Amino acid sequence: MEDKTIKGTYIQPNSQSVIESDDPVLEILGPTSLKGEVTISGAKNSALAIMAGTLLCSDECRIRNVPSLVDVGRMKQILASLGVKITEDKDILDINAKEIGQTQAPYDLVSQLRASFFVIGPVLARLGVARVPLPGGCAIGARPVDLHVRGLQAMGAEVHIEHGIVHACVKGSRSRLKGAKIYLDYPSVGATETIMMAATLAEGETIIENAAQEPEVEDLANFCRSMGAKIRGAGTNTIIVSGVERLHSTDYPIIPDRIEAGTFLVAGAITQSPISLYPVIPEHLTPVIAKLEEIGCQVILEESKRVRIVPGALRATDIETLPYPGFPTDMQAQFMALLTLSEGNSMISETVFENRLRHVAELQRMGADIKVKGNVAVVKGVPFLSGAPVMATDLRASAALVLAGLAAQGKTVVQGLHHLDRGYENIEDKLRQLGAKLQRV
Ligand code: EPZ
């Protein structure tokens, strides 16, 4: 029976399910082959932390290579609500946090962007008081902030939660945080960033043990150092910060997005298309490249910041997500899409977030053979996927469905694009430039 597509309503053949929505959807025609080179944008997870980091400085800071994303837009709104002045020119932001007076970030904004909780560290360190709504859970997990709070308490802050707001203040005449030795029960990216930022203006030395080692943490540390902060060991599991009185202005370029780059490498593999990516920092992609090679692809370093994927027959492999330098949880969904078309059985264990396998049901709609038990998914490779209407449930799940749509036979219609727009800059244009047949309708 022929599909009937009427604006806003999609009738599923042979089923009663009608999807009513005015939200735009992405229609992808597959299977498609890609060619050429794609430009990788600045890293979302660096931009968000570094934008929060500008609150540490009372001079103007210039940040370059800032991706144009919904999440970045939300962080701008949160900074503005705290009294920060922001001017922008394409991917350059001039941020002036001289006048931050408002110490409370508005709930409606914080609830839309978990990373906004990271402002608690810099505001507390600068003003000695901060009030930030609890961000609450999201699609992929409960995502508590207990490690952030315990770190600030160890530095002398009094923290209590009242009516969903985290109230933090530093008692004493100079209301300045004090350096402390902090062991993180889990190498949380956010907690490491919050504590590291707060420690830059604290009295004395702070040692963060079992710290997160993600490249975005290192990028934030380099940004803070460019403002005069004294930070050693970022990128390792022990970070040492010697507090300073104040920080100064800077002009800082953000690193390329390793997760966007990983997503495009998988686009090349899943469509069996040799494509190049620029700019990337290959070291940041080590776990991703290692798994692509295990699966049968080659990733060639063409120049210092240019890589090329040369696909091969796809073989099954096992993946376990772990903190960096382990395999990134933010690439798990995309690799699951790839492994649905590989020869053999793959086991994927999601150990970082407790609810990050929701894309399985949507991939099954496309004919994938996946069985889930707890946080483990067993993927049995199938010869092909078929296009279908699917619903994105979170940011990286949306990317996985787009990748599956590029390889699937027929038309795939992806709904829930607000997830995609949070973390991928112009992904449709970039894919179209590589030859993909897709359109947002
Ligand atoms: C950052 O989130 C990234 N977000 C996430 O990317 C990424 O998935 C995650 O790190 C892990 O790499 C940003 O940088 C903005 P965590 P974050 O604190 O900092 C638990 C994407 O797709 N935990 O390292 O929130 C937590 O529940 C996003 O771009 C506590 O228990 O991650 C989770 O299970 C999604 N208590 C685990 O640690 C805490 O206080 C890892 O979380 C903090 C975290």
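Q: How far does a backbone N or O atom of Leu147 lie from an oxygen atom of the ligand?
A: A heads-up first: this is a predicted model, where local features need pLDDT of at least 70, side-chain atom pairs count only at pLDDT 80 or more, and totals for chains, interfaces and linings use all residues. Residues are numbered from 1 along each chain as its sequence is written, and side-chain values use heavy atoms, leaving out hydrogens and water. A polar contact here is a pair of N or O atoms within 3.5 Å (within protein, one must be able to donate a hydrogen and the other to accept it, and residues adjacent in sequence count only if both atoms are side-chain atoms). For the backbone of Leu147 and the ligand oxygen, the distance is 2.8 Å.

Q: How much of the ligand's accessible area does the protein cover?
A: Areas come from the Shrake-Rupley method with a 1.4 Å probe; for residues, only the protein chains shown count as cover. On its own, the ligand has 830 Å² of accessible area.

Q: Which element gives the largest share of the shell around the ligand?
A: Helices (H or I, at least four residues) and strands (E, at least two) are DSSP runs, numbered from the N terminus. Those giving two or more residues to the shell are α1, α5, α6 and α12. Three residues, the largest share, come from α5.

Q: Is Lys44 buried or exposed?
A: UniProt, in an unreviewed entry, places a "binding site" feature at Lys44 and Asn45; such positions are in the numbering used here, feature names are shortened, and annotations may be inferred rather than shown by experiment. Buried means under 20% relative accessible area, exposed over 50%, and partly exposed in between (1.4 Å probe, protein chains only). Asn45 is partly exposed at 28%. With a relative accessible area of 7%, Lys44 is buried.

Q: Which residues does Cys138 touch, not counting those up to four places away in sequence?
A: The unreviewed UniProt entry annotates Cys138 as "modified residue: 2-(S-cysteinyl)pyruvic acid O-phosphothioketal". Cys138 is found in the loop between β9 and α5, and at 34% relative accessible area it is partly exposed. Contact means heavy atoms within 4.5 Å. Beyond those sequence neighbours, Cys138 touches Arg114 and Arg143.

Q: What is the arrangement of the Phe223 and Tyr252 rings?
A: Rings of Phe, Tyr and Trp (its six-membered ring) pair if their centres lie within 6.5 Å; planes under 30 degrees apart count as stacked, over 60 as edge-to-face and the rest as tilted. The structure holds two aromatic pairs. In this one the centres are 5.7 Å apart and the planes sit at 75°, so the arrangement is edge-to-face.

Q: What angle lies between the ring planes of Phe327 and Phe335?
A: Phe327 and Phe335 are both buried. Their pair is edge-to-face, 5.0 Å centre to centre, and the angle between the planes is 90°.

Q: Which residue just after α9 takes a positive phi?
A: Helix α9 spans residues 286-295, and its buried residues include Val288, Ile289 and Leu292. Among the elements covering its buried residues are α8 and α10. Just after α9, the residue with a positive phi of about 120° is Gly296.
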